[in-house]
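Hi everyone, thanks for making time this morning. I'd like to walk you through one model, so please have the viewer open and follow along.

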Amino acid sequence: MPKKFDYIFLLKVLIIEVLTTVAAMFIFALVLFFLEGGYQFSPLFATISLGLGCFLASLYAAGRVGKNGLLIGAIVGGATFIIVTLAGLMGSKEIFSLNTFFRLIILMLLSLIGGVLGVNSKQNQNFI
């Protein structure tokens with residue numbers, strides 16, 4: 001349980017999120033490859049991949065800290081959303097769209113659920 005600002009802990013959370021996101025994107029890329037024409041679903045699959053990464057990262061972080069699952073989930077989801085939105089602004093002139101709003105909702109919901117489940121895992125029965 002980290003008591004102070006722990007860079008190794010943050011690095012582990014980041015690695016979990018990135019590896020999960022990349023693995024999910026790879027699986028969805030294979031699905032799109034074999035469907036041969038389902039490329040209109042690629043933004044949805046990318047958002048779901050990011051959401052899975054946020055879910056597992058907040059699950060790990062909240063389980064390790066043992067409290068404040070909603071706060072940890074909100075931080076993980078919010079930070080991911082901000083980074084992805086800023087990266088998206090580099091390649092597009094459109095600031096916010098309906099897809100951006102849905103991405104925010106999906107990332108935050110999955111991160112918050114991961115945070116709550118991480119706190120309420122069998123090791124730490126602290127309830128939210």
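Reading from the N terminus, the elements of the protein chain run α-α-α-α. That gives 4 helices and 0 strands. Please keep in mind that this is a predicted model.

A few totals for the chain before we zoom in. There are 128 residues, and 32% of them count as buried. The accessible surface comes to about 8300 Å², with 76% of that belonging to carbon and sulfur atoms. As for contacts with a separation of 6 or more, 70% of them join residues 24 or more positions apart.

Now, the core. How many residues does the largest nonpolar core have, and which have the most contacts inside it? It has 13 residues, and those with the most contacts inside are Phe9, Val13, Ala61, Ile72, Val76 and Leu107. The elements that give two or more residues to this core are helix H1, at 7-35, then H2, helix H3 at 69-91, and helix H4 at 98-119. H2 provides the largest share, with 6 residues. On the general side, nonpolar side chains tend to be buried together in soluble globular proteins.

Phenylalanine 9 sits in helix H1, and it is buried because its relative accessible area is 9%, under the 20% cut-off. Between phenylalanine 9 and alanine 61 there are 52 residues of sequence separation, yet their C-alpha atoms are 8.1 Å apart in space. Setting aside neighbours within four places in sequence, alanine 61 is in contact with Phe9, Val13 and Ile72.

On to H2 itself, which covers residues 42-65. Does its length agree or disagree with what we expect at 1.5 Å a residue? The 24 residues should span 34 Å, and the end C-alpha atoms are 34 Å apart, so the two agree. The buried residues in H2 are Phe45, Thr47, Ser49, Leu50, Gly51, Gly53, Cys54, Ala57, Ser58, Ala61, Ala62 and Val65. What covers them includes H1, H3 and H4.

Threonine 47 lies in H2, and with 10% relative accessibility it counts as buried, since the cut-off is 20%. Apart from its neighbours within four places in sequence, threonine 47 is in contact with Arg103, Ile106 and Leu107. You'll remember Leu107 from the list of core residues with the most contacts. The other one, threonine 20, belongs to helix H1. Threonine 20 has 17% relative accessibility, so it counts as buried too. Beyond the neighbours within four places in sequence, its contacts are Leu52, Gly53 and Leu56. Gly53 is itself among the buried residues of H2.

Then, in the loop between H2 and H3, we find asparagine 68. Asparagine 68 is not a glycine, and still it has a positive phi, of about 55 degrees. For background, most residues other than glycine have a negative phi. Is asparagine 68 buried, exposed or partly exposed? With a relative accessible area of 39%, asparagine 68 is partly exposed, because that value falls between the 20% and 50% cut-offs.

Last stop, the aromatic rings. The count of aromatic pairs comes to 4. Take phenylalanine 33 and phenylalanine 34: their ring centres are 5.3 Å apart and their planes stand at 70 degrees, so this pair is edge-to-face. Which side of the burial cut-offs are these two on, buried or exposed? Phenylalanine 33 counts as exposed, because its relative accessibility is 52%. Phenylalanine 34, at 63% relative accessibility, counts as exposed as well.

That's the tour, and I'm happy to go back to any of these views.

Methods:
Residues numbered from 1 in each chain as written. Predicted model: local features only at pLDDT ≥ 70, side-chain atom pairs only at ≥ 80, totals over all residues. Heavy atoms only, no water. Buried < 20%, exposed > 50% of the residue type's maximum accessible area, 1.4 Å probe, protein only. Contact = heavy atoms within 4.5 Å. Core = buried A, V, L, I, M, F, W, Y, C linked by side-chain atoms within 4.5 Å. Areas by Shrake-Rupley, 256 points an atom, 1.4 Å probe, with all protein chains shown as cover. Phe/Tyr/Trp six-rings, centres within 6.5 Å; stacked < 30°, edge-to-face > 60°. Expected span 1.5 Å × (residues − 1).
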